[in-house]
Amino acid sequence: MRDADDCDSDGSGDGVETPILRNKGKRKETEGGSGSKSAKKNRSWVWKHFTRKIEDNDKAGCNYCGKEMSCPTKSGTSNMKKHLNVTCKCYKAWQAVNKDNNQGALDQDGEDGNLRVCKVSETVFREATNEMMVVGELPLAWVESLAWRNFCNRTKLYQPHSRRTATRDIVEIFVKKKEAMKRILNENKQRLSLTTDIWVFNHTGSSYMVITAHFVDRWWQLKKLIIGFKNVYDHKGATISKVLLDCLEEWDIKKVFCITVDNATANSSALRRFKEAFIEKNGADALVLDGRFLHIRCATHILNLIVKEGTMEVESSVNAIRNGIHYVRSSTPRQKSFEQRVESGRIQRGSLPLDVRTRWNSTYLMLEQAMKFKVAFEKMEAEDKPYNDYFNETVYGNKRVGPPSKDDWEAVERLVQFLIIFYKATLVR
């Protein structure tokens with residue numbers, strides 16, 4: 001009995017009756033002209049996934065795995081359907097990938113290298129998108145951007161969710177992570193050390209207090225965790241103390257080893273208040289040795305004060321070199337003029353960074369790099385008139401400092417040798 005799929009209509013004649021099927025053989029004999037049989041027309045759906053062999057018309061190859069199947073013209077296509085529906089894993093993978101509303105992928109199953117279908121659900125896609133925004137520090141509006149929607153459309157991913165949904169999901173992730181960390185801290189029962197500082201956002205003037213917890217886990221690995229990022233309205237000791245107490249209560253932290261802060265007077269007042277309130281609330285065991293070593297002054301802040309005091313002695317020389325670098329970086333023609341002096345002086349080319357005045361380490365990096373181009377700056381002073389005119393200009397009624405003289409370069413060279421010691425000290429972990 002012939003397979004029913006071979007008798008399926010190809011859509012060219014609706015309402016076909018049984019007598020036409022009985023005359024099918026006669027029609028074929030007359031079509032050939034000389035009485036020879038014409039080639040059988042492939043009408044089953046399986047022929048979309050198989051290709052007949054040119055050298056042998058009774059054999060066909062799977063378009064996905066390449067397996068050859070027997071397909072005599074007088075037989076049905078049951079063996080090929082069975083291959084696709086049961087045996088061929090490559091076809092199943094193709095089918096999964098090309099389904100609407102289902103994102104699939106190919107993956108190896110075990111050491112034999114066989115393929116299996118890995119379906120990515122919409123839930124996983126949504127969670128991965130939220131995690132990508134958090135890890136990559138992307139704005140919430142990015143999830144609705146044309147770039148991300150185009151990417152999802154081209155790769156046949158799911159429709160991206162909205163920024164409101166992303167906000168809600170990320171808050172839920174934060175709450176779950178926070179609960180998990182609270183359980184870890186409570187199970188281990190170890191003391192924590194804290195560091196805190198207040199950061200002012202320049203554009204709005206708002207102040208934010210950041211509290212970081214440091215602890216050693218059960219595998220003796222040093223870990224740190226930001227447990228507070230609070231908006232504060234002033235920098236007074238009472239405010240700092242209250243924010244610390246509220247944050248520790250929120251995380252159910254009852255044992256503290258030490259708190260590291262900078263040398264501001266308000267911090268000393270804050271920690272005195274904190275020590276009294278924390279011991280009263282959690283008992284004498286809350287702090288080590290009644291909190292005598294609770295207040296630790298930040299070593300890097302102390303280094304910063306030392307360096308700032310030292311640089312004040314050669315401030316004029318530093319300003320002269322800073323102004324020279326500012327001139328070179330201010331326009332393209334000036335950069336080209338400086339590069340010509342670099343090439344004529346046979347100096348290795350490199351960048352000239354400009355420092356941030358409030359950060360001494362950036363000043364050190366600027367001066368260290370400028371020392372390599374000392375000859376080029378001297379050539380600029382001797383050959384470039386616009387360079388000299390720049391230092392004759394007045395700023396706020398005072399003549400601009402510079403150009404750097406021989407004494408300035410010698411003073412800065414000594415300063416660099418002094419700063420490198422402190423710079424390396426800040427890199428120690």
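A: Helices (H or I, at least four residues) and strands (E, at least two) are DSSP runs, numbered from the N terminus. With that, lysine 156 sits in the loop between α6 and α7 (163–188).

Q: What kind of model is it, and how are residues numbered?
A: The model is predicted, with local features needing pLDDT of at least 70 and side-chain atom pairs counting only at pLDDT 80 or more, while totals for chains, interfaces and linings use all residues. Residues are numbered from 1 along each chain as its sequence is written, and side-chain values use heavy atoms, with hydrogens and water left out.

Q: Back to lysine 156: what is its phi?
A: Lysine 156 has a positive phi of about 60° although it is not a glycine. Most residues other than glycine have a negative phi, and most peptide bonds are trans.

Q: Is lysine 156 buried or exposed?
A: Exposed: the relative accessible area of lysine 156 is 56%. The cut-offs are under 20% for buried and over 50% for exposed, with partly exposed in between (1.4 Å probe, protein chains only).

Q: Where does aspartate 290 lie, and what is its phi?
A: Aspartate 290 is in the loop between α9 (265–282) and β10 (295–297). Its phi is near 60°, again positive in a residue other than glycine. Aspartate 290 is exposed, at 51% relative accessible area.

Q: Which peptide bond is cis?
A: The bond from glycine 402 to proline 403 is cis, with omega near 0°. Proline 403 belongs to the loop between β12 (398–399) and α16 (406–426).

Q: Zooming out, how many helices and strands are there?
A: The protein has 16 helices and 12 strands. It has 429 residues, of which 31% count as buried. The accessible surface is about 28300 Å², and 52% of that belongs to carbon and sulfur atoms. Those areas come from the Shrake-Rupley method with a 1.4 Å probe; for residues, only the protein chains shown count as cover.

Q: What about contacts between residues at least 6 apart in sequence?
A: Of those contacts, 55% join residues at least 24 apart. A contact here means heavy atoms within 4.5 Å.

Q: How do α11 and α13 cross?
A: The axes of α11 (residues 315–329) and α13 (residues 360–371) come within 11 Å and cross at roughly 70°. Axes are lines fitted to C-alpha atoms, for helices over the stretch in contact, and angles run from 0 to 180 degrees between N-to-C directions. The two helices are therefore roughly perpendicular to each other. On that scale, under 35 degrees is roughly parallel, over 145 roughly antiparallel, 65 to 115 roughly perpendicular and the rest oblique.

Q: Which residues make the contact?
A: From α11, Val318, Ile321, Arg322 and Ile325; from α13, Thr363, Met366, Leu367 and Ala370. They divide into 6 nonpolar, 1 polar and 1 charged. The classes are Ala, Val, Leu, Ile, Met, Phe, Trp, Tyr, Cys and Pro as nonpolar, Asp, Glu, Lys and Arg as charged, and the others, Gly among them, as polar.

Q: New topic, aromatics. What counts as a pair?
A: Rings of Phe, Tyr and Trp (its six-membered ring) pair if their centres lie within 6.5 Å; planes under 30 degrees apart are stacked, over 60 edge-to-face and the rest tilted. By this rule there are 18 aromatic pairs. In one of them, the rings of tryptophan 148 and phenylalanine 151 have centres 5.4 Å apart and planes at 15°, so the pair is stacked.

Q: Where are tryptophan 148 and phenylalanine 151?
A: Both lie in helix α6 (residues 146–154), 3 residues apart, about one turn of the helix. Tryptophan 148 counts as buried at 10% relative accessibility, and phenylalanine 151 as partly exposed at 42%.

Q: And tyrosine 327 with tyrosine 387: what geometry?
A: Their ring centres are 5.2 Å apart and the planes at 75°, so the pair is edge-to-face. Tyrosine 327 lies in helix α11 and tyrosine 387 in helix α15 (residues 385–391), so the pair ties together parts that are 60 residues apart in sequence. Tyrosine 327 is buried at 3% relative accessibility, and tyrosine 387 is buried at 0%.

Q: Which residues do ring pairs link into a cluster?
A: Phe125, Trp142, Trp148, Phe151 and Tyr158.

Q: Last one: where is glutamate 313?
A: Glutamate 313 is in the loop between α10 (299–311) and α11. It is exposed, at 69% relative accessible area. Its C-alpha is 9.5 Å from that of alanine 411, 98 residues away along the chain.
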